[in-house]
Amino acid sequence: MEQLKQRILEDGTVKPGNVLKVDSFLNHQIDIAFMNQIGAEFARRFAGSPVNKILTIEASGIGIAAICAQHFNNAPVVFAKKSKSLNLDGDLYHARVESFTHKTVSDVVVSKKFLSPADHVLVIDDFLANGCASRLIEIIGQSGATLEGCGIAIEKGFQHGGDRLRERGIRVESLAIIEEMSDTTLTFRD
C-alpha cells in the first residue's frame, strides 16, 4: 500500500535495535481516516473470504483491528489478553508470545466462548517481525476455527516471521514490507 509506505517514510522513526516508531499515526496516536484506508485495503485483499471474527493481541493491535472490523460487516474483534484477569471466567485457549519490541514473553489467553469451529478468523496486527502472529494462529488451531489469513500493516521482512508463516501455507497480506532498515536507510520489498 503506497500510502502506508509514504507515511512510514514521512512520519516513522527508526530507533536502535531495529525498532520502527510509527506511534504518531498507527499505534499510540491513531489517524482514524488513514486507519480506515488500511481497513478498506484489508477488506479488498480478503474479499471473498468468509471472515466472521477478527483476532489480534492486546494493546496496539486492538485499534487497527477494531477499525478494520467495520470493513468486514462489523465482525467482532477478539483480542488475546496478555494476562489472566479476575473477570476472565471459564475455559481459555493459551499461547506464549514473545514481543520483539518489548523484549518480553507473555502467556496470552482467549476465552473459549469467543472462538469456535464455526468461526472464520482473520488475524490483524500492526507489526509482524519474528512471527508472534503464529501464536495467535496456535490459538485458532486450539479452537477448531478456520484461519482465513493474517493482515499485517507493517512487516519487517528482514526478520523473516512472515516468510516462515508463508512457508507453512498461511496467507499473509502485509501492506508494507520493510526489507532493510537502519538509522539512515529504510527499503521496502516490492
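A polar contact is a pair of N or O atoms within 3.5 Å; within protein, one must be able to donate a hydrogen and the other to accept it, and residues adjacent in sequence count only if both atoms are side-chain atoms. The model is predicted: local features need pLDDT of at least 70, side-chain atom pairs count only at pLDDT 80 or more, and totals for chains, interfaces and linings use all residues. Residues are numbered from 1 along each chain as its sequence is written, and side-chain values use heavy atoms, with hydrogens and water left out.

**View 1. The N-terminal end of helix 2 is capped by Asp31.** A side-chain oxygen of Asp31 lies 3.3 Å from the backbone nitrogen of Ala33. Helix 2 covers residues 32-45; helices (H or I, at least four residues) and strands (E, at least two) are DSSP runs, numbered from the N terminus. From first C-alpha to last, the 14 residues of helix 2 reach 20 Å, close to the expected 20 Å, where the expected span is 1.5 Å times one less than the number of residues.

**View 2. Helix 2 packs through its buried residues against helices and strands.** Phe34, Met35, Ile38, Gly39, Glu41, Phe42, Ala43 and Arg45 are the buried residues of helix 2 (buried: under 20% relative accessible area, 1.4 Å probe, protein chains only). Their partners are helix 1 (2-11), helix 3 (60-69), strand 7 (120-128), strand 8 (146-156) and strand 9 (172-181). Contact means heavy atoms within 4.5 Å.

**View 3. Ile38 sits in the largest nonpolar core, of 32 residues.** A nonpolar core is a set of buried Ala, Val, Leu, Ile, Met, Phe, Trp, Tyr and Cys residues joined through side-chain atoms within 4.5 Å. Leu4, Ile38 and Ile154 have the most contacts inside this core. Two or more residues each come from helix 1, helix 2, helix 3, strand 7, strand 8 and strand 9. Beyond its neighbours within four places in sequence, Ile38 contacts Met1, Leu4, Leu26, Ile64 and Leu175. Another core, of 24 residues, lies apart from this one and includes Val78, Leu115, Val123 and Ala145.

**View 4. Ser143 is a buried residue of helix 4 (residues 133-143).** The relative accessible area of Ser143 is 4%. A polar atom of the Ser143 side chain lies 2.7 Å from the backbone oxygen of Ile140. Not counting residues up to four places away in sequence, Ser143 touches Tyr93, Leu115, Ser116 and Pro117.

How values were computed. Buried < 20%, exposed > 50% of the residue type's maximum accessible area, 1.4 Å probe, protein only.
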